[in-house]
Amino acid sequence: MNKLPCINFDNTYVKLSSNFYTEIKPRVPSNPSIIKLNSNVADKLGISSEYLKSLEGLNFLSGSEIIDGSEPIATVYAGHQFGYFSPQLGDGRAILLGEVVGKKGRYDIQLKGSGRTPYSRGGDGNAALGPVLREYIISEAMNAMGIPTTRSLAAILTGDKVVREDIFPGALLVRVASSHIRVGTFEFFASRGQYNDVKALANYSIQRHFPDLKSNKDKYLGLLNAVSQRQAELIAQWMSFGFIHGVMNTDNMAICGETIDYGPCAFMDEYNPDQVFSSIDHSGRYKYSNQPKVAPWNLSRLAETLLPLIADKPEDAVQDAQKIIERFSSHYDNIFRKLMIKKIGISPLNSCEEPKIFEHAQTFLELLKAQKADFTNSFRSLTNYLNGTAIPKDLNTLAPSEELKAWIEDWKLILKHHNVEENKTLEILRSSNPFIIPRNHQVEKSLLESIQNYKIGITEFKSFERLVKASLEPFKENLNNKDLCLPPKESEKIHETFCGT
Ligand code: AMP
Ligand code: MG
């Protein structure tokens with residue numbers, strides 16, 4: 001073992017019983033190199049970027065060496081995938097290196113794509129370059145928009161080859177999360193009747209994420225409620241930015257409330273409540289408009305695992321848990337309503353007027369739907385109907401119409417009625433509606449270019465770098481990035497995205 005004092009690990013998950021994980025070392029990659037290092041995330045973790053850029057840092061980030069304090073494990077979980085229960089999943093291609101306590105809390109550092117584990121089932125334990133870059137771009141864009149998410153500390157080339165429908169360059173994502181505990185982690189133990197483990201996991205989750213609940217007499221009910229609230233907040237934000245996760249299986253729902261597992265996810269271009277991108281989501285189970293319905297379904301699976309801890313009498317436990325699950329929708333509606341009101345430039349009011357203004361925002365969505373107009377740009381273009389600086393007209397796909405004219409007139413009346421100064425409205429519009437999102441066709445283009453470049457020996461991925469940089473300032477009107485903000489032309493549209501597993 002190397003003596004490297006640069007990372008102060010403080011591992012707690014590994015102190016749970018060995019039922020929760022398997023100790024395992026990452027596979028040593030043949031020729032690792034850093035594609036992208038995220039100094040913001042390094043700062044958050046209290047790790048020096050200089051150290052991470054050194055050879056010792058690269059050895060750590062690539063899994064080539066296990067540094068002092070790191071106790072690598074693969075964690076076990078189960079999960080409902082597309083509604084069907086898989087009793088044993090787990091980190092099939094991920095290895096948790098350990099936990100660090102940064103300025104604002106405790107974080108897991110995990111390698112994704114670091115070789116096979118006892119939970120790999122038929123998988124090869126690998127990650128290909130494309131999906132790693134995709135997760136890096138989208139997770140960092142999500143964070144920049146203020147949406148809770150796992151982060152990307154680094155993207156690494158392994159020097160190895162990965163076989164998928166073709167042969168691709170192998171890569172690793174160094175993922176950082178508040179924790180990797182999933183609804184499926186609870187399901188794993190409950191489905192085997194290991195309620196001591198469910199209880200240990202619930203207590204651990206409370207300690208790590210909701211410490212205020214510790215002395216609560218109904219703390220397990222409190223846990224369910226807290227997880228449910230975080231999910232309501234998360235999904236409302238996804239919806240307000242047009243984000244489609246694509247695989248909302250219970251093993252992909254983190255109890256800390258961060259977006260996790262970027263597979264076939266994408267931001268929608270034209271507004272379509274039925275939008276699906278995932279190539280494997282044939283029934284549209286995880287389509288855009290279903291996301292707020294799937295979340296309480298998943299939370300019900302979590303509730304079931306907690307029932308024996310909630311009350312001695314099963315019927316009491318069911319009743320208590322049901323009340324919490326039923327509350328999800330009103331909590332979600334409340335947050336979503338406020339977010340949509342902001343998207344049309346009005347501060348949430350906390351008054352009986354909110355529903356009426358929300359309805360006006362909904363009418364705007366109807367206009368977008370009828371015209372198949374671009375979700376992001378249509379909202380951003382609301383500034384054009386006021387006296388502020390307008391965004392370039394060609395970004396707005398919403399055509400002038402009698403309906404739009406009437407909508408704008410009513411909108412202006414609402415603004416007037418609420419006595420909102422125009423500058424204030426513009427400020428709210430610009431901070432609630434991104435100028436730039438990582439559009440699916442731009443993401444795909446940059447991944448394709450990166451893979452092609454790699455094949456001819458170029459490992460500087462310029463379009464990836466540009467997309468990441470642009471996505472880090474989503475609300476800033478930077479006209480140098482105008483090309484990245486244009487909705488896809490018919491020929492550029494991506495209709496399907498793949499998990500890349
Ligand atoms: P996902 O659809 O990415 O959430 O993955 C579902 C399950 O499959 C998880 O248990 C993953 O760890 C596992 N998995 C996905 N891809 C691979 C792979 N290439 N090798 C091994 N396991 C994998
Ligand atoms: Mg997953």
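A residue counts as buried when its relative accessible area is under 20%, as exposed when that value is over 50%, and as partly exposed in between. The model described here is a predicted one. Glu465 has a relative accessibility of 30%, so it counts as partly exposed. This residue belongs to helix 15, which spans residues 462–471. Along the chain, Glu465 and Ile35 are 430 residues apart, and their C-alpha atoms are separated by 9.5 Å.

The same cut-offs apply to several other residues. Ser329 has a relative accessible area of 35% and is therefore partly exposed. It is part of helix 9, residues 314–343. Arg439, in contrast, is buried, because its relative accessible area is 1% and the limit for a buried residue is under 20%. Arg439 sits in the loop that links helix 13 (422–432) and helix 14 (440–455). Arg439 and Leu484 are 45 residues apart along the chain, and a distance of 7.6 Å separates their C-alpha atoms.

Two loop residues have a positive phi. Phe82 is not a glycine, and its phi is positive, near 50 degrees. The loop that holds Phe82 runs between strand 4 (79–81) and strand 5 (84–86). With a relative accessible area of 22%, Phe82 is partly exposed. Lys372, also not a glycine, has a positive phi of about 50 degrees. Lys372 is located in the loop between helix 10 (354–371) and helix 11 (375–380). Its relative accessibility is 57%, so Lys372 counts as exposed.

A set of paired strands was examined next. Strand 6 (residues 94–102) pairs with strand 7 in the antiparallel sense, and eight bridges join them. These two strands form a hairpin, with two residues between them. Within this pairing, Glu99 has Asp108 of strand 7 as its bridge partner. Strand 7, residues 105–112, is mostly covered, since six of its eight residues are buried, that is, under 20% in relative accessible area. Strand 7 also runs antiparallel to strand 10 (residues 167–177), to which it is joined by five bridges. Leu111 is placed opposite Val174 of strand 10, and Lys112 is placed opposite Leu173 of strand 10. In a regular strand, side chains alternate between the two faces of the sheet.

Strand 10 is mostly covered as well, with ten of its eleven residues buried. Strand 9 (residues 151–163) pairs with strand 10 in the antiparallel sense over nine bridges. Strand 9 and strand 10 form a hairpin with three residues between them. Arg151 has Val176 of strand 10 as its bridge partner. Strand 8, residues 127–128, is another antiparallel partner of strand 10, with two bridges. Ala127 stands opposite Ala171 of strand 10.

The surroundings of ligand 1 were then described. There are 18 residues around ligand 1, and those that come nearest are Gly90, Gly92, Arg121, Gly125 and Asn252. By class, this shell consists of two nonpolar, nine polar and seven charged residues. A nitrogen atom of ligand 1 is 2.8 Å from a polar backbone atom of Gly125. A polar backbone atom of Asn126 is 3.4 Å from a nitrogen atom of ligand 1. For Asn252, an N or O atom of the side chain is 3.0 Å from an oxygen atom of the ligand. On its own, ligand 1 has 480 Å² of accessible area, and the protein covers 86% of this. Domain 1 (13–180) and domain 2 (184–341) each give residues to the shell, so ligand 1 lies between them.

Methods:
Residues are numbered from 1 along each chain as its sequence is written. Chains are lettered from A and ligands numbered from 1 in the order in which they are written. This is a predicted model: local features need pLDDT of at least 70, side-chain atom pairs count only at pLDDT 80 or more; totals for chains, interfaces and linings use all residues. Side-chain values use heavy atoms; hydrogens and water are left out. A residue is near a molecule or strand if one of its heavy atoms lies within 4 Å of it. A polar contact is a pair of N or O atoms within 3.5 Å; within protein, one must be able to donate a hydrogen and the other to accept it, and residues adjacent in sequence count only if both atoms are side-chain atoms. Accessible areas come from the Shrake-Rupley method with a 1.4 Å probe; for residues, only the protein chains shown count as cover. Ala, Val, Leu, Ile, Met, Phe, Trp, Tyr, Cys and Pro count as nonpolar, Asp, Glu, Lys and Arg as charged, and the others, Gly among them, as polar. Domain bounds come from an automatic or database domain assignment. Buried means under 20% relative accessible area, exposed over 50%, partly exposed in between (1.4 Å probe, protein chains only). Helices (H or I, at least four residues) and strands (E, at least two) are DSSP runs, numbered from the N terminus. Two strands pair if DSSP finds at least two bridges between them.
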